[in-house]
Amino acid sequence: MEKNSLQSYKLVPLLTFSFVLFLTTELSLLTPARALDKNSKVYIVYLGERVHDEPELVTASHHQMLESLLQSKEDAHNSMIYSYQHGFSGFAALLTSSQAKKISGLLHNTNMGSEAIIGVIDTGIWPESKVFNDQGLGPIPKRWKGKCEPGDQFNVTIHCNKKLIGAKYYVNGLLAEMGGTFKTRTVREFKSNRDALGHGTHTATIAGGSLVPNVSFYGLARGTVRGGAPQARIASYKVCWNTMQKDGTGPDGSCSTADMWKAFDDAIHDAVDVLSVSISGDLPEDIEVDKLDFVGAFHAVSKGIPVVAAASNEGPKAQTVANAAPWLLTVAATTLDRSFPTKITLGNKQTLFGESLFTGPEISTGLAYWDSESDDNVDVKGKIVLVFGSTYQVAKKGVAGVISAQHPDDILDRCHAFPCIYTDYELGTDILQYFFFFCSNQTFIRTLKESPTVRIGTATTLTGLPATTKVAAFSSRGPNSVSPAILKPDIAAPGVSILAALSPLNPDGHDGFGLDSGTSMATPVVSGIIALLKSLHPTWSPAAFRSALVTTAWRTSPSGEPIFAEGSNKKLADPFDYGGGLVNPERAANPGLVYDMGIEDYINYMCSKSYNDSSISRVLGKRTKCPTPKPSILDMNLPSITIPNLEKEVTLTRTVTNVGPIKSVYKAVIETPLGITLTVNPNTLVFSSEDKKVLSFTVKAKTSHKVNTNYFFGSLTWTDGVHDVKIPVSVQTRIMNKS
């Protein structure tokens with residue numbers, strides 16, 4: 001399980017119900033706030049019978065549909081004219097004809113994932129949480145073969161329902177490895193699927209939690225909490241347990257490979273549609289044929305179950321991405337276009353803004369400074385203390401609060417003992433200069449009987465500009481250290497300060513909910529989206545879902561600005577930061593073309609890595625012999641091209657499958673990496689019939705560099721004028737010296 005966890009994102013889901021779309025008479029008099037587009041007309045979206053009994057929930061679902069369509073909470077509010085939430089469900093809104101067509105398409109084919117089953121391999125579930133209510137859900141899908149297991153404080157009859165349809169736990173492997181018995185005296189834990197840590201409850205909420213209105217974290221991030229597929233069914237597989245850290249300093253999450261294998265095995269039997277695995281191991285990772293976790297996931301993928309896994313939280317350092325096996329869909333984390341600004345007012349009336357989860361009351365007191373050379377003679381009691389880095393050194397000194405100046409890491413901590421306000425080094429230095437002004441003018445200060453002071457305001461929630469999406473500093477980065485030619489991560493999703501349900505035993509929660517951050521939180525965002533996509537495309541392979549997400553992803557933020565990657569130096573994000581980009585569910589529903597793969601492709605990959613036949617046979621569970629000549633790893637049919645060692649030139653092959661209109665013509669558009677020539681042959685793909693829906697092409701890459709370089713980035717897009725099927729291209733020149 002990851003070190004950083006996380007909140008609930010306002011996903012852009014593929015919502016659908018039985019519906020009728022009506023166009024009303026055009027309005028000629030519009031207030032400026034509602035004049036979103038001169039071509040807007042009033043459309044009534046009729047959704048039939050209410051799914052929820054509470055009108056508040058019905059209206060919240062209407063607003064979220066518009067938010068997903070318009071990509072803005074403000075535009076959704078301005079567009080909405082009426083919400084019909086009492087006798088039936090529906091709403092009236094100002095939409096353009098293209099927007100109306102899009103919303104009707106979204107609504108027509110999926111019922112918020114009600115037939116989808118999301119398997120969550122994690123720390124279990126807190127079943128009493130409101131997000132696991134089954135209000136409005138129909139019967140459990142008939143194909144479901146799993147069950148809920150009774151255990152410590154887990155009553156199957158009471159705690160499972162039509163939402164939480166599976167709850168199992170696996171601990172024998174962990175106990176065998178630790179050489180002990182199940183004890184709960186040192187840390188709180190339950191020998192059942194009940195979640196003591198809260199991590200599994202949080203991730204399950206993000207993937208498929210039911211709608212819960214008017215939720216906040218001490219007033220921050222207020223809104224309706226729900227999962228990406230809010231009517232999907234959840235099957236929880238508890239494999240990670242609350243144990244004492246090896247150094248004895250406190251609780252930690254421990255997971256056994258043997259237990260995880262059994263969870264994968266059961267999930268395959270139980271007929272889940274997608275597996276969400278917010279767990280990552282240590283670096284360097286073992287090769288795929290030796291890392292047993294990957295073998296369990298391989299068999300799930302071979303049975304048609306996409307496995308979505310966390311990239312880990314070791315960023316922004318390069319080559320830290322985990323879960324790098326090519327059959328996994330590996331997820332990086334981004335921020336939302338939301339922040340929690342906190343006003344800092346110095347005694348000289350200078351106003352600065354940090355960020356925090358401090359909700360008051362406002363503090364006005366003296367300002368102190370603590371550094372590595374400070375000792376107990378420094379008076380910090382009852383003051384706001386400025387530190388550069390960790391707050392640990394002043395935690396037990398009776399401070400009123402801490403301003404922590406640090407390198408950006410996108411992690412906000414509430415700090416239970418005192419308020420913590422976070423700034424970067426620049427703002428921290430501004431505060432320090434104010435403090436030093438008093439130190440250098442002590443005679444003047446004594447005369448006026450003054451000392452440095454500071455006032456800390458309460459945090460507020462700011463959604464939209466100027467906050468914007470960026471890759472989180474903690475999110476692990478590529479290139480892939482196991483197989484550099486396999487791009488990892490695959491995709492990025494929101495994973496910073498996500499509001500979702502927690503175990504009430506988790507001290508970071510409030511009223512059963514909490515803000516948490518990590519690629520652990522980004523992973524179930526993608527899992528929920530795949531649950532919805534699978535409702536639309538039940539026959540697609542796991543590789544097809546990955547392709548649809550990667551080729552349609554956003555490479556700009558919702559505000560239209562480029563996506564940056566946070567780190568020691570902020571920079572424009574590249575494929576090693578976010579794979580194909582920021583996940584875009586609406587476009588992924590209709591990608592046009594997909595780069596598909598099956599078991600033979602994964603076998604060829606293992607052969608290209610020169611893994612021996614016996615190792616590959618062990619993974620597959622049957623005798624396998626690699627072909628001769630050995631396949632090229634560059635030919636693996638990924639929705640990306642990564643060439644880690646280009647000496648002169650190389651030619652590789654890709655194959656695309658048409659999942660759009662039968663008769664389609666696509667043309668290649670190339671954005672070349674610096675100093676690299678890319679030639680695509682053919683540069684036009686003609687899909688003329690149902691029988692001719694799979695076509696191949698080659699890409700020749702040639703370098704003009706005369707020295708070894710780092711990676712340069714570009715892209716290859718196939719476009720038919722409607723669909724832009726874009727894959728990232730990453731090329732590194734490596735000139736081999738001749739002996």
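Start at Gln319. Its place is in the loop between strand S13 (307-310) and strand S14 (329-334). Helices (H or I, at least four residues) and strands (E, at least two) are DSSP runs, numbered from the N terminus. Gln319 is not a glycine, but its phi is positive, near 60°. Gln319 is partly exposed, with a relative accessible area of 47%. Buried means under 20% relative accessible area, exposed over 50%, and partly exposed in between, with a 1.4 Å probe and protein chains only.

A note before moving on. This is a predicted model: local features need pLDDT of at least 70, side-chain atom pairs count only at pLDDT 80 or more, and totals for chains, interfaces and linings use all residues. Residues are numbered from 1 along each chain as its sequence is written, and side-chain values use heavy atoms, with hydrogens and water left out.

**Whole chain**

Zoom out. The chain holds 16 helices and 38 strands. Of its 739 residues, 56% are buried. Now think of contacts, meaning heavy atoms within 4.5 Å. Among those between residues at least 6 apart in sequence, 73% join residues at least 24 apart.

**Another positive phi**

Select Ala221, in strand S8 (residues 220-225). Ala221 also is not a glycine, yet its phi is positive, about 60°. Ala221 is buried, with a relative accessible area of 9%. Most residues other than glycine have a negative phi, and most peptide bonds are trans.

**Two cis bonds**

Which kind of peptide bond joins Gly478 and Pro479? The bond is cis, with omega about 5°. Find Pro479 in the loop between strand S24 (470-471) and strand S25 (491-494). Next, go to Thr628 and Pro629. The peptide bond between them is cis, with omega near 0°. Pro629 sits in the loop between H16 and strand S31 (641-646).

Step back to helix H16 itself, residues 613-620. Ser615, Ile616, Ser617, Val619 and Leu620 are buried there. Gly621 follows H16, and its phi is positive, near 80°.

**The cores**

Select Val526 and Leu549. They have the most contacts inside the largest nonpolar core, which has 75 residues. A nonpolar core is a set of buried Ala, Val, Leu, Ile, Met, Phe, Trp, Tyr and Cys residues joined through side-chain atoms within 4.5 Å. Helix H11 (residues 519-536) gives the most to this core, with 9 residues. Show what surrounds Leu549. Leaving aside neighbours within four places in sequence, its contacts include Leu329, Ile491, Val526, Ile529 and Val583. A second, separate core has 45 residues, among them Val277, Ala309, Ala543 and Ile616.

**Aromatic rings**

The structure holds 18 aromatic pairs. Rings of Phe, Tyr and Trp (its six-membered ring) pair if their centres lie within 6.5 Å; planes under 30 degrees apart count as stacked, over 60 as edge-to-face and the rest as tilted. Select Trp540 and Phe545: this pair is tilted, 5.5 Å centre to centre, with 55° between the planes. Both Trp540 and Phe545 are buried.

Then take Phe697 and Trp718. Their ring centres are 5.0 Å apart and their planes stand at 65°, so the pair is edge-to-face. Phe697 is in strand S36 (residues 694-703) and Trp718 in strand S37 (residues 711-719), so the pair ties together parts 21 residues apart in sequence. Phe697 and Trp718 are both buried.

Finally, show Tyr369, Phe388, Tyr425, Phe435 and Phe436, which form one aromatic cluster.

**A buried glycine**

Select Gly428, in helix H9 (residues 425-439). Is Gly428 buried or exposed? Gly428 is buried, with a relative accessible area of 0%. Leaving aside neighbours within four places in sequence, Gly428 is in contact with Leu386, Phe388, Ala405 and Thr423. The C-alpha atoms of Gly428 and Ser404 are 7.6 Å apart, although 24 residues separate the two along the chain.

Which residues are closest to the centre of the second largest pocket? Select Ser339, Glu355, Asp410, Lys470 and Glu566. The lining has 33 residues, divided into 15 nonpolar, 9 polar and 9 charged. Here Ala, Val, Leu, Ile, Met, Phe, Trp, Tyr, Cys and Pro count as nonpolar, Asp, Glu, Lys and Arg as charged, and the others, Gly among them, as polar. On a 1 Å grid over the protein atoms alone, a pocket is an open set of points where a 1.4 Å probe fits, with protein on both sides within 12 Å along at least five of seven lines; lining residues have an atom within 4 Å of a point. S17 gives the most to this lining, with 3 residues.
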